[in-house]
Amino acid sequence: MNDDRESILKPLRSTAESLSALRTGDAPAKARAVVRVAGAAETSLRRLLRDDPTAPVELRLRALSADDLSTDELLAELRQRDRIPMEVAAAFHELTAAARRIGAGDEATPRDCELALGVADGLDRHLAFRQAPRPLEDPALSREDTLIAHGQPEDPVHSVPSPGRRPWGLIAAGALVLALLVGGALWLTTFRRDGGLAHGEELYRGGQNAAAETEFRAYAERHPDEAMPHVYLARIARQGKRFPDAVRELKAGFAASPQEPRLHTEAGWLLLDTGRPADAVARFRAALSYDNKSVSAWGGLVRALRESGHPDQAERALSVAPAEVRSALASLQPAPAPVAGAPGTVTAPPPAAGAPATFP
């Protein structure tokens, strides 16, 4: 981990003279130092994202290029993965604005010098104490530490009341029955008010993900033994690139219902989105073992096989997949190019290369 840290911080380490100039140099030296430290800090942050094993491979390949990944996008990706503290991200954002201003001809202010020193020190301290990021685990295979025991038999020793306390046991039993009746009435009232999952699903279909997430989370708290709210919560987190949150929701769902096919399907899409197509294959196959008519699972399996380097297996899977899957995947292929200049032809741009099927 120390070697990784030094590799990430190497660009900043090379600015020792500039950091000294920020404290003791003249005005032109301070201006040059602010610009140089800002550039070195950005390079270190790009290396931090490049070395993050939880990031998709495609993103890691883009991380070092400002043309492929802008500074704002870089900060957004690092914050979504909780790789830098909010205060460091905010200070760096302000520092880059100062560097652009100085590059346009302004002088460095005392605040600019403080920002440059603070960003360099903040990154150094953060990387000194951060834990090495681990690749996201497969939620279906790593749920043991979050499993909640359901329906375990009662301890026979403690389930039999002692003879001298039977009246209290009867009273307690009566109170329990009353509580269940009252609780059942309240549950029915709540169920009628929110319509179960329907309201959250309606919000989700309408693109109101934040409101839908609130509904699904409230429903999950009221129904801890149901998996579906966690499927939706994981999907919303994945689509927002909050991958650790998606893992947590899937693990909670597997604890409630380890054979729910939609959990396996969503886990497969999460693994695909985080650059692990080979692992995703197993999840999609598990989903199909429980529900062999799932269009989302079939589509995910075909894509995962292709992206993991098994196009022949993908074609075999596609040949036995439902017609809806074959139709959806075929629609993503570019149409034959029209003859140039042919009368009445309209040339539409082909789909982006590698465009994912939008099954989930």
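This is a predicted model: local features need pLDDT of at least 70, side-chain atom pairs count only at pLDDT 80 or more; totals for chains, interfaces and linings use all residues.
## Overall picture

The chain is helical in its secondary structure, with 18 helices and zero strands. Of its 360 residues, 39% count as buried.

As for how the chain packs on itself, take the contacts with a separation of 6 or more: residues 24 or more positions apart account for 58% of them.

## Helix α11

Which residues of α11 are buried? They are Ala-212, Glu-213, Phe-216, Tyr-219 and Ala-220. Looking down the helix axis, these buried residues fall within an arc of 130 degrees, so they line one face of α11. Over on the other side, Ala-210, Thr-214 and Glu-221 are exposed.

Arg-62 sits in helix α4, which runs over residues 57-62. With 24% relative accessibility, Arg-62 counts as partly exposed. Setting aside neighbours within four places in sequence, Arg-62 is in contact with Asp-68, Leu-69 and Glu-73. The C-alpha atom of Arg-62 is also 9.7 Å from that of Leu-74, 12 residues apart along the chain.

Thr-71 belongs to helix α5, residues 71-80. Is Thr-71 buried or exposed? Its relative accessible area is 19%, and the cut-off for buried is under 20%, so Thr-71 counts as buried. Again leaving out neighbours within four places, Thr-71 is in contact with Glu-42, Arg-46, Phe-92 and Thr-96.

## Salt bridges

Side chains of opposite charge can pair when their charged atoms come close. In this model the count comes to 23 salt bridges.

One of them joins Asp-106 and Arg-101, at 3.6 Å from N to O. Both ends are partly exposed: Asp-106 has 40% relative accessibility, and Arg-101 has 31%. Another pairs Glu-260 with Arg-262, with the closest N and O atoms 2.7 Å apart. Here Glu-260 is buried at 12% relative accessibility, whereas Arg-262 is partly exposed at 42%. Asp-279 and Arg-276 form a salt bridge too, their closest N and O atoms being 2.7 Å apart, and Asp-279 is partly exposed at 33%.

There's also a network of salt bridges, which links Glu-213, Arg-217, Arg-242, Asp-245, Arg-248 and Glu-249. Glu-213 has turned up already, as one of the buried residues of α11.

Conventions:
Residues are numbered from 1 along each chain as its sequence is written. Side-chain values use heavy atoms; hydrogens and water are left out. Helices (H or I, at least four residues) and strands (E, at least two) are DSSP runs, numbered from the N terminus. Buried means under 20% relative accessible area, exposed over 50%, partly exposed in between (1.4 Å probe, protein chains only). Contact means heavy atoms within 4.5 Å. The arc is that of the directions from the helix axis to the C-beta atoms. A salt bridge is a side-chain nitrogen of Lys or Arg within 4 Å of a carboxyl oxygen of Asp or Glu.
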